[in-house]
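Here is a short tour for someone meeting this structure for the first time. Keep the 3D view open while reading.

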Amino acid sequence: MTTDENRARANTARQSAEELATLLDLSKAFAQATDLDSLLKTVLTRSIAVYEAADAGAIFLYNPDDDCLSARASIGYETEPLSRVRLKPGEAIMGKVFRRGRPLLCATPGEIGSNTANLREENRAYFEGARSGVRQPRSAMCAPLIAKDSVLGALILVNLRRQGAFSAVDLRFLQAVANQIAIVLENARLWSEVSRAQALAEANRFKDEFLASISHQLLTPITSIRAAADLLTASLAKGGAAADSLISSIARNTQRLQGLVEELLDLGRLHRGEVSLSRETWNLKTIVRESAAAIEPLAGGKEQELEVETPSSSCPVVADRGRLEQALMNLLSNSCKFTPRHGHIKVVVQDKGREYLVSVADDGPGIPVAEQSQIFERFYSNSRGPGEKTGAGLGLAIAKTVVELHGGRIWVKSEGGRGSTFFFTLPKGDGFEDSGGR
């Protein structure tokens, strides 16, 4: 073996040892960091220190909410202008590395220019401001942050003095560093999700316990008040108008409170899995038509048109009829409540092959897009128009739970000022001869 070959092997071994020491050093930094931002800053600082040619660098992370990469750590740049950069996947060097999931080496200013040609003007201005008059980079290398086949962002290092400052070996080691960063980011995300899920589960447990406790405490006096009001009504049948009005008000309000408490108890039992469905085979279109008929007096009071459209053939479902009617009545009463006087409500049952699709459409004020993901949550309540009173936020939560217990899905489509349509699906049951009621 020649002297040159021995020297090359020695250099390779020395470089490998230095890389291993650097990765070990970074691992210690990961363990000692107290927050993600300080960790990324530390890693970037030590990465730049490894390369004599590196004058500046940055770590950009992808945010799926706005589909952009933004800077989370930087060295050699002004923080404020750089923080405004929003790179789309495929935009400039980091965007291309992120989209392709492969590292990129730009050995000359020309290669840098060709890979940043699609940089949007506002981002170009922010980059110029972040460099504070420093000349354009002469060479650069960038590696994707990859964890479990998912690209989380990109790490870039640049040289401002000469072209060809980085080699393919440098790029390979940079990818090793980027992989380490990605593992830490993924672990941090998983830990955050676990912690959030545990906190949410604990909050829901306390909420359920509170509901059970307060509901039982309220139910007994409310029942007693309602019974007393009934007795007063009977004994004062010949009383004055003022007494009758007062008694009617007591009865009406206690009935409302009793209904609310029963809903609270019911929802708590549903969420704790304490409710077993009494499943039988029913004709879905019969349930829908009878539920609509029950809500007609409410719609009639506001002179609303209530239309029902069902298939001509039977629609068999295996379901708990009482629970299914409960879900339908909650959707229908909700539509009546928010549909204006002389408005229109339409209920449609459609056969979709393996399942039925039920929709309840109204021409009320609609639901803002930002709220549509929340309306099925317990206790979420918001007004959908001037003068409209909000409820306790339980009806839609109960409807969602009932539908899901039957193996279906529920969702809403709405546009501000153009009404709302609630949809839910139910799996088909066994066929049967339609006897009218079932």
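This is a predicted model. Start with strand S1, residues 56–63, and strand S5, residues 150–159. The two run antiparallel, and 6 bridges join them.

Now widen the view. S1 and S5 belong to an open sheet of 5 strands, ordered S2-S1-S5-S4-S3, with antiparallel pairing. Strand S2 (68–75) and strand S3 (104–106) form the edges, and each pairs on one side only. On average, neighbouring strands of this sheet are turned by 20° against each other, direction ignored.

**Helices across the sheet**

| Helix | Residues | Lies across | Angle |
|---|---|---|---|
| H2 | 36–50 | S1, S2 and S5 | about 65° to S2 |
| H4 | 92–100 | S1, S2, S3, S4 and S5 | about 145° to S5 |

How much of H4 is covered? H4 is mostly covered, with 7 of its 9 residues buried. Those buried in H4 are Ala92, Ile93, Met94, Gly95, Lys96, Val97 and Phe98. Gly101 follows H4, and its phi is positive, near 70°.

Arg135 sits in the loop between helix H6 (121–131) and S4. Strand S4 itself covers 139–147. Which residues does Arg135 touch, leaving aside its neighbours within four places in sequence? The contacts of Arg135 are Leu160 and Arg161. Arg135 and Arg161 are 26 residues apart in sequence, yet their C-alpha atoms are 8.7 Å apart in space.

**Aromatic pairs**

A search of the whole structure finds 4 aromatic pairs. One of them is formed by Trp411 and Phe423. Why is this pair called stacked? The ring centres of Trp411 and Phe423 are 5.5 Å apart and the planes meet at 15°. Planes under 30 degrees apart count as stacked, so the angle of 15° places this pair in that class.

Trp411 lies in strand S11 (residues 410–414), and Phe423 lies in strand S12 (residues 420–427). The pair therefore ties together parts that are 12 residues apart in sequence.

Are the two residues buried or exposed? Trp411 has 27% relative accessibility, so it counts as partly exposed. Phe423 has 15% relative accessibility, so it counts as buried. Phe423 has another neighbour to look for: Lys413 lies over the face of its ring, at 5.8 Å from the ring centre.

Terms used: Residues numbered from 1 in each chain as written. Predicted model: local features only at pLDDT ≥ 70, side-chain atom pairs only at ≥ 80, totals over all residues. Heavy atoms only, no water. Pairing = 2+ DSSP bridges. Helix = DSSP H or I, 4+ residues; strand = E, 2+ residues; numbered from the N terminus. Axes fitted to C-alpha atoms, helices over the stretch in contact; angles between N-to-C directions. Contact = heavy atoms within 4.5 Å. Buried < 20%, exposed > 50% of the residue type's maximum accessible area, 1.4 Å probe, protein only. Phe/Tyr/Trp six-rings, centres within 6.5 Å; stacked < 30°, edge-to-face > 60°. Lys NZ or Arg CZ within 6 Å of the ring centre and 35° of its normal.
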